[in-house]
Amino acid sequence: APLTYVKAIKRAGGVPLVIPMTTDKAQIEAVLEVVDAVVMTGGEDVDPLKGYGEEPLRALGEIVPERDEFDLMLIRMAVAKGLPVLGICRGEQLMNVAFGGSLYQDIPSQVPTSYVKHSQKAPRNYGTDTIDIEEGSLLNKQLGVKSIAVNSYHHQAVKDVAPGFKITAYSKDGIVEAIEKVDSDCVWGVQFHPEGFVSMGDDSFLGIFKHLVEKA
């Protein structure tokens, strides 16, 4: 739900702008002159063939090539410009792919040891599985906890983390739940949907968006 992102940014004191999809580099450059930070949102699966050189598995969901191209251009250009970037769900996966990492195309069929329900049938502002957060990481500082229940709506996840990034949170079954750029304090991604909580008035995840707005 696009409005949940908008509400979360507003609650954190930011002014949200929705960037239209384009693969015109000049247009993206113009947009990045105007904004102070970027949130990469959730959505469809990432194309494995173009994204990280793997053949598509049967369990791969819908892909949108134009959105992949737009998102990859946007995230690389925003990071190169030094802007704060937060990736959420697909956004986090895409951040990993943009800088040379790979994904599990489908957790249930590729990770036999995974037992957590990563696509919950529960309200968007309800945490159904617990993640463990690395002490001293960006996410740890933003949330002030080392463990928290998150909402889960994904069947893909980070497999090999991109060079220059580190994993900062895992689910109980070992699936990657957060990554951050090693030499930055404002380029990071989470696999869950903090905006689902924040937009509904639950501020336990507000620190994620507050950090973004402060850095912006």
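User: Which residues of H4 are buried?
Analyst: This is a predicted model. Helix H4 covers residues 65-80. Its buried residues are Arg67, Asp68, Phe70, Asp71, Leu72, Met73, Leu74, Ile75, Met77, Ala78 and Val79.

User: What covers the buried residues of H4?
Analyst: The cover includes both helices and strands. Among the strands are E1 (38-40), E2 (85-88), E8 (176-181) and E9 (187-190). The helices include H2 (25-34) and H5 (90-98).

User: How far apart are the end C-alpha atoms of H4?
Analyst: H4 has 16 residues. At 1.5 Å a residue, the helix should span 22 Å.

User: Which residue just after H4 takes a positive phi?
Analyst: The phi in question is about 85°. It belongs to a glycine just after H4. That residue is glycine 82.

User: What is the phi of cysteine 89?
Analyst: Cysteine 89 sits in the loop between E2 and H5. Most residues other than glycine have a negative phi. Cysteine 89 has a positive value, and its phi is near 55°.

User: Is cysteine 186 buried or exposed?
Analyst: Buried means under 20% relative accessible area. Cysteine 186 has 11% relative accessibility, so it counts as buried.

User: How many disulfides does the structure hold?
Analyst: A disulfide needs a pair of cysteine sulfur atoms within 2.5 Å. Cysteine 89, at 5% relative accessibility, is buried. The count of disulfides in the structure is 0.

User: Where is aspartate 68, and which residues does it contact beyond its neighbours within four places in sequence?
Analyst: Aspartate 68 is placed in helix H4. Its relative accessible area is 6%, so it is buried. Leaving aside neighbours within four places in sequence, its contacts are Asp45, Val46, Asp47, Arg90 and Leu94.

User: What does the side chain of aspartate 45 reach at 2.5 Å?
Analyst: Aspartate 45 lies in the loop between E1 and helix H3 (48-52). With 9% relative accessibility, aspartate 45 counts as buried. Residues up to four places away aside, aspartate 45 touches Leu60, Gly61, Glu62, Ile63, Asp68, Arg90, Gln105, His155 and Gln156. At 2.5 Å, its side chain reaches the backbone nitrogen of glycine 61.

User: How far apart in space are aspartate 45 and threonine 23?
Analyst: The two residues are 22 residues apart in sequence. Taken C-alpha to C-alpha, the separation in space is 18 Å.

User: Which side chain makes a polar contact of 3.4 Å with the side chain of glutamine 105?
Analyst: Glutamine 105 is in the loop between strand E3 (103-104) and helix H6 (107-110). At 0% relative accessibility, glutamine 105 counts as buried. Beyond neighbours within four places in sequence, its contacts include Asp45, Tyr52, Glu54, Leu60 and His155. The polar contact of 3.4 Å is with the side chain of glutamate 54.

User: What distance separates the C-alpha atoms of proline 56 and glutamine 105?
Analyst: Proline 56 is in the loop between H3 and H4. Not counting residues up to four places away in sequence, proline 56 touches Pro48 and Gln105. Along the chain, proline 56 and glutamine 105 are 49 residues apart. Their C-alpha atoms are separated by 7.7 Å.

User: What is the radius of gyration of the chain?
Analyst: The chain has 9 helices and 9 strands. Its C-alpha atoms fill a box of roughly 45 × 40 × 30 Å along the principal axes. With 216 residues, a compact globule would have a radius of gyration near 17 Å. The chain agrees with this, at 16 Å.

User: What percentage of contacts between residues at least 6 apart in sequence join residues at least 24 apart?
Analyst: Buried residues make up 51% of the chain. Among contacts between residues at least 6 apart in sequence, the share joining residues at least 24 apart is 68%.

Notes. Residues are numbered from 1 along each chain as its sequence is written. This is a predicted model: local features need pLDDT of at least 70, side-chain atom pairs count only at pLDDT 80 or more; totals for chains, interfaces and linings use all residues. Side-chain values use heavy atoms; hydrogens and water are left out. Buried means under 20% relative accessible area, exposed over 50%, partly exposed in between (1.4 Å probe, protein chains only). Helices (H or I, at least four residues) and strands (E, at least two) are DSSP runs, numbered from the N terminus. The expected span of a helix is 1.5 Å times one less than its number of residues. Contact means heavy atoms within 4.5 Å. A polar contact is a pair of N or O atoms within 3.5 Å; within protein, one must be able to donate a hydrogen and the other to accept it, and residues adjacent in sequence count only if both atoms are side-chain atoms. The radius of gyration is taken over C-alpha atoms; the globule rule is 2.2 Å times the number of residues to the power 0.38.
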